[in-house]
Amino acid sequence: MKKITAITAQKHKPDRVNIFLDGEFAFGLARITAAWLKTGDVLSEEKIGKLQADDTRERAYQQALLYLSYRARSEKEIRQNLRKHEIPDEIVEETLERLKRSRLADDNQFAQMWVENRSTFRPRSKRALEIELRQKGLNNEAIQASLSEVDEDALAYEAGLKRAARFKGQEWNEFRKKLSEFLARRGFSYSTIAPIVTRIWNETRLDAQQYEDEDIP
């Protein structure tokens, strides 16, 4: 058994305190974990172990909240981040369950948000989106649900229209080559690219020769 002889605030981490046992520094705890402790309390080894485990859980949860504060994350990303901070696997999984109960971690919701964000700011093909989501660790069910209403032609058109402004003044062949290559890098197939490139040319080059798909070799 050991007696708490002092509880002091950490200088650079005001949300944590230092615990001194029998006159010597023993370990640090989150304030919320140490809330019920006071000088003079006697701690068994079992109690000390529980306090330290509870502190690790709280540290993991706070780290996850910080990580999520920048943007939404997949469960795989959260898991990797916690492991990077040397959180034991058992507590990593407990933290994920806690986040899921609070709807702060939800792969189905994450997939939907990812697709919507990409479609708005950086449109790309369904195939490219699927690859990105698999890299984020999402399962097939979540991926397919998030892509079920994606309009491939609309995405290609939005992506191509934004890019076409860079090719102002170029002749048809060069315009078609560069815009097609750009859309191909975004994962769109030739069967999607060809009519979209023609459509964008016709809509943005009203003073130039107009084309129909069947007119293009």
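Visitor: In which helix is the place of Y61?
Guide: The model is predicted, with local features needing pLDDT of at least 70 and side-chain atom pairs counting only at pLDDT 80 or more, while totals for chains, interfaces and linings use all residues. Residues are numbered from 1 along each chain as its sequence is written, and side-chain values use heavy atoms, leaving out hydrogens and water. Helices are DSSP runs of H or I with at least four residues, strands are runs of E with at least two, and both are numbered from the N terminus. On that basis, Y61 is in helix α1 (residues 45-68).

Visitor: Is Y61 buried or exposed?
Guide: Buried means under 20% relative accessible area, exposed means over 50%, and partly exposed lies in between, with a 1.4 Å probe and protein chains only. The relative accessible area of Y61 is 12%, so Y61 is buried.

Visitor: Which residues does Y61 touch, not counting those up to four places away in sequence?
Guide: Contact means heavy atoms within 4.5 Å. T33 is 28 residues from Y61 in sequence and 12 Å away in space, C-alpha to C-alpha. The residues that Y61 touches are T95, R98, L99, S102 and L104.

Visitor: Which residues of the largest nonpolar core touch the most other members?
Guide: A nonpolar core is a set of buried Ala, Val, Leu, Ile, Met, Phe, Trp, Tyr and Cys residues joined through side-chain atoms within 4.5 Å. The largest one has 28 residues. Those touching the most other members are L133, L138, F175, L179, L183, V197 and I200.

Visitor: Which elements give two or more residues to this core, and how many residues does the other core have?
Guide: The contributing elements are α4 (107-121), α5, α6 (140-147), α7 (152-164), α8 (172-185) and α9 (190-204). Apart from this core lies another, whose members include A64, L68, V92 and L99. The residue count of that other core is 13.

Visitor: How are α4 and α6 oriented to each other?
Guide: Axes are lines fitted to C-alpha atoms, for helices over the stretch in contact, with angles from 0 to 180 degrees between N-to-C directions. The two axes come within 9 Å and cross at roughly 40°. Angles under 35 degrees count as roughly parallel, over 145 as roughly antiparallel, 65 to 115 as roughly perpendicular and the rest as oblique. The orientation of α4 and α6 is therefore oblique.

Visitor: Which handedness does the crossing of α4 and α6 have?
Guide: A crossing is left-handed if the near helix is turned anticlockwise from the far one by less than a right angle, and right-handed if clockwise. The crossing in which α4 passes α6 is right-handed.

Visitor: Which residues make the contact between α4 and α6?
Guide: A142 is found in α6 and counts as buried at 2% relative accessibility. Not counting residues up to four places away in sequence, A142 touches D107, N108 and A111. The contact is made by D107, N108, A111, Q112 and V115 of α4 and, from α6, A142, A145, S146 and L147.

Visitor: Is R103 buried or exposed?
Guide: R103 lies in the loop between α3 (89-101) and α4. Although not a glycine, R103 has a positive phi of about 65°. With a relative accessible area of 54%, R103 is exposed.

Visitor: What is the relative accessible area of D22?
Guide: D22 is in the loop between β2 (16-21) and β3 (24-30). D22 has a positive phi of about 50° although it is not a glycine. D22 is partly exposed, with a relative accessible area of 48%.
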